[in-house]
Amino acid sequence: KTKDLMDDLLETIVARLAGDPSVRGSIYEELERTWFKRYEDIVSGIDDLLPRTYSDPYMYPISFDSIKALIPTFVGDIEVKALNSVTKDKLKYNKLSPRKVIVIGGNRLSRGFTLEGLSVSYFIRTTNYSDSLFQMGRWFGYRPGYLDCCKIYTTSDALDGFNKTTRLVEELEIELKNLADQPGKSPSSYRLKIK
């Protein structure tokens with residue numbers, strides 16, 4: 001159902017992108033507002049966000065006007081895939097011919113699944129499992145040139161759960177460091193408590 005809705009939305013967007021970008025009320029105006037709301041601050045100040053020793057030839061400030069003409073080409077060949085236990089969709093990567101894909105997930109997008117080139121994720125699943133919450137960031141993989149693009153949109157409940165889990169991990173790290181400061185004891189002399 002979500003895949004069908006996304007296919008329809010993508011078709012509408014492609015049709016609107018074929019219009020004149022200078023016409024008032026065009027999709028380009030909407031995209032420019034989104035750019036200024038979600039990306040412009042990060043992209044224009046990217047040098048301030050990177051460590052001094054970090055070097056990435058793709059990370060430099062750009063403007064919306066510099067990418068505006070590229071948008072129809074970028075959006076035109078996006079595929080929509082639904083990866084769950086019901087669909088037959090598969091996601092195979094070919095390094096020689098990269099693809100642009102919107103992936104709508106279910107149980108097949110669970111632990112250990114990294115989406116190459118992922119830049120935006122919507123995590124709306126309700127979960128109390130810490131490992132699922134930590135997966136939200138892991139899905140992005142690690143590659144240069146996209147640090148300014150990666151975003152996770154989620155619910156306030158999921159964010160609260162993620163923050164709680166992060167605090168628990170930090171408390172456990174402190175406990176382990178305290179244990180390391182007590183040399184000469186065997187593991188059986190320690191008692192670890194994990195919330």
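The model is predicted. The protein has seven helices and four strands. Buried residues make up 22% of its 195 residues.

**Overall fold**

- Along the sequence, the elements follow the pattern α-α-α-α-α-β-β-β-α-β-α.
- Consider the contacts in the protein with a separation of 6 or more: 51% of them involve residues 24 or more positions apart.

**Helix 7**

- Helix 7 covers residues 156-180 and has 25 residues.
- At 1.5 Å a residue, helix 7 should span 36 Å.
- Which residues of helix 7 are buried? They are Ala158, Gly161, Thr165 and Leu179.

**Aromatic residues**

- The count of aromatic pairs comes to three.
- One of them joins Trp35 and Tyr39, whose ring centres are 6.3 Å apart. Their planes meet at 25°, and stacked pairs need an angle under 30 degrees, so this pair is stacked.
- Trp35 and Tyr39 both belong to helix 2, residues 27-44. They are four residues apart, which means about one helical turn separates them.
- Is Trp35 buried or exposed? Its relative accessibility is 9%, and the buried class lies under 20%, so Trp35 counts as buried.
- Tyr39 has 19% relative accessibility, so it counts as buried too.
- Trp35 also forms an aromatic pair with Phe64. The centres are 6.2 Å apart, the planes are at 55°, and the pair is tilted.
- Trp35 lies in helix 2, while Phe64 lies in helix 4, residues 64-68. The pair therefore ties together parts that are 29 residues apart in sequence.
- Both Trp35 and Phe64 are buried.
- Trp35, Tyr39 and Phe64 form one aromatic cluster.
- A charge also meets the ring of Tyr39: the charged end of Lys151 sits over it, 4.9 Å from the ring centre.

**Salt bridges**

- How many salt bridges does the structure hold? It holds four. Three of them are described here.
- Glu30 forms a salt bridge with Arg16, and their closest N and O atoms are 2.5 Å apart. This pair links distant parts of the chain: Glu30 is in helix 2 and Arg16 is in helix 1 (residues 2-17), 14 residues apart.
- Glu30 is partly exposed at 33% relative accessibility. Arg16 is partly exposed as well, with a relative accessible area of 34%.
- Lys100 forms a salt bridge with Asp77, with 2.5 Å between the closest N and O atoms. Lys100 is in strand 2, and Asp77 is in the loop between helix 5 (71-76) and strand 1, 23 residues apart.
- Lys100 has a relative accessible area of 22% and is partly exposed. Asp77, with 46%, is partly exposed too.
- Glu79 forms a salt bridge with Arg99, where the closest N and O atoms are 2.9 Å apart. Glu79 sits in strand 1 and Arg99 in the loop between strand 1 and strand 2, 20 residues apart.
- Glu79 counts as partly exposed at 28% relative accessibility. Arg99 counts as partly exposed at 35%.

**A buried lysine**

- Lys81 lies in strand 1.
- Lys81 is buried, yet it has no salt bridge. The nearest side chain of opposite charge is Glu79, 4.0 Å away.
- What does Lys81 contact, leaving aside its neighbours within four places in sequence? Its contacts include Lys3, Asp89, Lys90 and Arg99. Val101, Ile102, Val103 and Ile104 are also among them.

**Two loop prolines**

- Pro57 is found in the loop between helix 3 (46-49) and helix 4.
- Pro57 has 65% relative accessibility, and exposed means over 50%, so Pro57 counts as exposed.
- Pro57 and Gly145 are 88 residues apart along the chain, but 7.5 Å separates their C-alpha atoms.
- Pro98 is found in the loop between strand 1 (78-83) and strand 2 (100-105).
- Pro98 is exposed, with a relative accessible area of 71%.
- Pro98 and Gly117 are 19 residues apart along the chain, and their C-alpha atoms are separated by 9.5 Å.

How values were computed: Residues are numbered from 1 along each chain as its sequence is written. This is a predicted model: local features need pLDDT of at least 70, side-chain atom pairs count only at pLDDT 80 or more; totals for chains, interfaces and linings use all residues. Side-chain values use heavy atoms; hydrogens and water are left out. The expected span of a helix is 1.5 Å times one less than its number of residues. Buried means under 20% relative accessible area, exposed over 50%, partly exposed in between (1.4 Å probe, protein chains only). Rings of Phe, Tyr and Trp (its six-membered ring) pair if their centres lie within 6.5 Å; planes under 30 degrees apart count as stacked, over 60 as edge-to-face and the rest as tilted. A charge sits over a ring if NZ of Lys or CZ of Arg is within 6 Å of the ring centre and within 35 degrees of the ring normal. Lys and Arg count as positive and Asp and Glu as negative; His and the chain ends are not counted. Contact means heavy atoms within 4.5 Å.
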